[in-house]
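Please look over the two-chain model below.

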Amino acid sequence: MTNGLIDFVLVSVALLAIGIYGLSVKRNAIRMLFGVEMIINSANLNLVAFARFIPNSQGQTLALFSIAIAAAEVAVGLALVIVAYRMYKNIDIEDFRSLKG
Amino acid sequence: MLDFTSTPIILTLMLGAVGVIIPVISAVRKEKNDSLYGGIAFAALIAAIGFVIYQIISKNVTPGAIFSKGVLANDTFGSFFAIAMLIVGIMTTVGSFNFMKGRANPAVYYSLIVLASIGMVLIAYSTDLVMLFVAWELMSIPTYVLAGYLKKDPSSNEAAIKYFLFGALSSGIIIWGISLAYGLTGSTNIEQVISGFSHLSPDMMPLAILAVGMFIAGFGFKIGLVPFHMWLPDTYEGAPPTISALLAAGTKKAGFAAALRVIIMGAVALNLNWSLALAIIAIITMTFGNLAAIKQKNLSRMLAYSSIGHAGYILIGLSIAPFSAIGIAASLFHILNHAVMKAAAFIAVAGIVTTLSISHIDKLRGLGKRMPITSLGLVISLLALAGVPPLNGFWSKLMLFGSAINAGATVSWAPYLAVAGVLNSALSLAYYGWIIRKMYFEEGESEKRVKEPKSIIAVMIFSIIFMVGIGVYPDPFIQFAKSAVPTLAGLATVH
C-alpha cells in the first residue's frame with residue numbers, strides 16, 4: 001500500500017485524456033461509447049481514490065451510484081446504436097448526416 | 001434522515017409510482033386503448049403541481065433557496081422550478097395525445113415523460129452533489145430514448161445518437177467536477193463544498209477553478225451555451241416535436257436550475273472574477289443563436305436556434321448576479337416564461353406536423369386560415385419570445401436588461417449586456433415576423449380549414465391565457481421569482 005493519492009489521480013487523468021481522444025477522433029459509434037465509459041470510469045477511480053484519504057463514505061457511495069447509472073446509460077446508448085445499424089447497416093457517425101443547416 | 005412529509009419526497013413517490021405502474025398496466029391489459037396511459041400521466045402531473053402549489057400556499061416551504069445538510073431542500077427555489085417543470089410536463093403530455101395516436105408503445109412514452117419530469121423537479125430541490133447527479137441522469141436517460149422514439153425515422157435516430165453522445169460526455173464531465181470538489185473539500189454536500197472552497201489553500205485554487213469550469217461545461221451542454229451547442233439544433237429538429245418541447249422547455253431549464261445551485265455558489269465562494277467570462281459567453285450565445293436562426297428553413301430548427309439565443313438572455317442574470325439584486329430573480333422569471341413560450345411554440349409545430357405534415361417555413365403560407373387556433377397560439381408565443389408588450393416575455397426581458405443597466409453602477413461593462421440583448425431582440429423580431437407574415441399575409445395553395453386536434457387546441461388556449469395573463473398582470477409572478485432568490489444572492493455578502 002505504498003501508492004499515494006497522486007498516482008491514482010495521474011492514472012485517472014490519463015484515462016480521461018484517452019476517453020476524450022476516443023470521443024473526438026474516432027467515428028465509430030461503439031468506439032465513441034467506449035470513450036464515454038472511460039471518462040465516467042476515470043471519475044469513479046478518482047472518487048474511490050479520494051475516499052481512501054477522506055474519513056467519510058460519500059465518495060464510495062457516489063461511485064456506486066455512478067457505476068449503476070453508467071450501466072443504464074450505456075444500455076440506452078447501445079439500443080440506439082442497434083436501431084441505427086438496422087437502418088443504415090453501418091455505425092459510422094459520418095454517415096448520420098441527414099440533419100444539417 | 002429523510003423527512004417523508006417534505007414536498008420533493010412526496011413528489012418522487014407519487015410520480016415515480018405512476019411512472020413505473022403505467023408500463024405494467026399496459027403489459028397486463030389485453031385491449032388497446034392508447035388514451036388511457038396519457039390520461040394517467042396527465043392526472044399524476046396535475047396532482048403533483050396541485051400539491052406543490054398547495055404546499056406554497058400553506059407555507060410549508062422554506063422561503064428562498066436554502067442549503068441544508070440533507071440531500072434535498074424543501075425551499076421556494078425548488079418549488080419555483082418544480083412548477084415550471086411540471087407545467088412543461090403537462091403541456092408535453094397533453095400535446096402528445098394527438099401525436100401518439102396510432103403509434104407504438106404509448107405506455108412507455110408517457111411513463112418516460114413522467115420519469116423525466118421527476119428528474120427535472122429533483123434537480124431543482126437537490127442540495128447534495130450525489131442527489132444532483134442522480135437526478136440529472138434520471139432526467140437525461142429518458143430523454144435520450146424519447147428523442148429516438150420514432151424508430152423507423154432516420155432523423156429521429158440520428159438526433160437521439162447525437163444527443164446521447166453529447167449528453168453522456170456532459171455527465172462524464174459533471175461527475176469529474178464532482179469528484180474534484182469532493183477530493184478538495186471532503187464532502188459532496190453543496191453547502192459544505194462552498195465553505196470548504198472558501199477556506200482552500202492557495203495552491204489548491206487552480207483545481208477548484210477547474211472543478212467549477214467542469215460544472216459550467218457539463219451544464220452548458222444541456223443549456224446550449226455556445227461552445228457546447230453543436231448537438232442542439234440537430235436534436236431539436238430530428239426528435240419528435242413534442243419531445244423537442246420537453247427538451248427546449250424542460251431539460252434546458254433544469255440545466256439552469258443545476259447551474260444556479262452549483263456554479264454560482266462555487267464561484268461566489270472562490271471569489272473569482274468570473275462575471276465577465278459569463279457575460280462574454282452570454283453575448284456570444286445570444287448573438288450566435290439569433291443570427292443562425294435567421295437563415296433556417298425548418299420551423300423546429302429555427303426554434304432550436306432561438307432557444308440558444310434565449311439561453312444567452314437568461315445567462316445575463318447569472319453573470320451580473322454579484323452586482324445586482326434582481327439579476328437572478330429576472331433570470332428565474334425569464335426561465336418560467338421561456339419554458340411556457342417555447343413549449344407552446346413546439347406543441348404548435350407538433351400540431352402542424354401531425355395534421356398537415358409541414359415543417360418547412362415556406363409551406364406555412366395561408367396557415368392562419370387553415371388552422372386558426374394553432375396559428376394564433378404559435379403567433380402569440382413567437383411574439384412573446386421576441387418580447388413584444390403586453391406579453392410575458394416583455395416583462396422578463398425588461399427585468400433582465402434593467403438589472404444589467406443597474407449593475408452598470410458597479411461594473412462598467414454591464415450596460416453592454418442590455419444593449420446586446422435589445423439588439424438581439426430586434427433581430428429576432430425579424431425572423432419571427434417573417435413566419436407571421438407567411439402565415440397570415442400570404443396566399444396559400446389551399447384555404448380550406450382543417451380539423452385541429454382537440455388536445456393541441458387545449459394546450460394553445462392554456463398557453464395563450466398564461467402568456468397574456470402574465471403580460472397584463474405580471475406582479476405576483478415577479479414576487480414569486482424574487483421570493484425564490486434571497487439566500488442565493490445573500491451568500492455573496494456572507495463570504
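Predicted model: local features only at pLDDT ≥ 70, side-chain atom pairs only at ≥ 80, totals over all residues.

Residues are numbered from 1 along each chain as its sequence is written, while chains are lettered from A and ligands numbered from 1 in the order in which they are written.

**The two chains**

Chain A has three helices and zero strands. Its elements run α-α-α from the N terminus on. Helices (H or I, at least four residues) and strands (E, at least two) are DSSP runs, numbered from the N terminus. The radius of gyration of chain A is 17 Å, well over the 13 Å that the globule rule gives for 101 residues, so chain A is more spread out than a compact globule. That radius is taken over C-alpha atoms, and the globule rule is 2.2 Å times the number of residues to the power 0.38.

Chain B has 20 helices and zero strands. Its radius of gyration is 21 Å, close to the 23 Å that the globule rule gives for 495 residues, so chain B is as compact as a globular protein of that length.

The table sets out extent and burial. A residue is buried if 20 or more other C-beta atoms lie within 10 Å of its own, exposed if 12 or fewer, and partly exposed in between, with C-beta atoms placed from the backbone.

| Chain | C-alpha span along principal axes | Buried residues |
|---|---|---|
| Chain A | about 50 × 25 × 25 Å | 35% of 101 residues |
| Chain B | about 70 × 55 × 45 Å | 63% of 495 residues |

Two residues are in contact if their C-beta atoms, placed from the backbone, lie within 7 Å. In chain A, residues 24 or more positions apart account for 46% of the contacts with a separation of 6 or more. In chain B, residues 24 or more positions apart account for 80% of the contacts with a separation of 6 or more.

**Where the chains meet**

The contact takes 32 residues from chain A and 36 residues from chain B. On the chain A side, helix H1 (5–25), helix H2 (29–53) and helix H3 (58–88) each supply at least two residues. H3(A) gives the largest share of that side, 15 residues. By class, the chain A side has 22 nonpolar, nine polar and one charged residues. Here Ala, Val, Leu, Ile, Met, Phe, Trp, Tyr, Cys and Pro count as nonpolar, Asp, Glu, Lys and Arg as charged, and the others, Gly among them, as polar.

**Helix pairs in chain B**

Start with helix H1 (residues 7–28) and helix H2 (residues 34–57) of chain B: their axes come within 10 Å and cross at roughly 175 degrees. That makes H1(B) roughly antiparallel to H2(B). Axes are lines fitted to C-alpha atoms, for helices over the stretch in contact, and angles run from 0 to 180 degrees between N-to-C directions. Angles under 35 degrees count as roughly parallel, over 145 as roughly antiparallel, 65 to 115 as roughly perpendicular and the rest as oblique. The contact residues include B:Ile10, B:Met14 and B:Val18 of H1(B), and B:Ala44, B:Ala48 and B:Phe51 of H2(B). They divide into 14 nonpolar, three polar and no charged.

Next, the axes of helix H4 (residues 106–125) and helix H5 (residues 129–147) of chain B come within 8 Å and cross at roughly 150 degrees. That makes H4(B) roughly antiparallel to H5(B). Their crossing is left-handed: the near helix is turned anticlockwise from the far one by less than a right angle, whereas clockwise would be right-handed. Among the residues in contact are B:Leu115, B:Gly119 and B:Leu122 of H4(B), and B:Trp136, B:Met139 and B:Pro142 of H5(B). This contact has 15 nonpolar, two polar and no charged residues.

Finally, the axes of helix H16 (residues 392–407) and helix H17 (residues 414–441) of chain B come within 6 Å and cross at roughly 155 degrees. H16(B) is thus roughly antiparallel to H17(B). H16(B) passes H17(B) in a left-handed crossing. The classes are 10 nonpolar, two polar and one charged.

**Buried spots**

B:Ser396 is also found in H16(B). With 30 C-beta neighbours inside 10 Å, B:Ser396 counts as buried. Not counting residues up to four places away in sequence, B:Ser396 touches B:Ala330, B:Phe333, B:His334 and B:Asn337.

In helix H9 (residues 231–238) of chain B, eight of the eight residues are buried, so H9(B) is largely enclosed by the rest of the structure. Among them are B:Trp231, B:Asp234 and B:Glu237.
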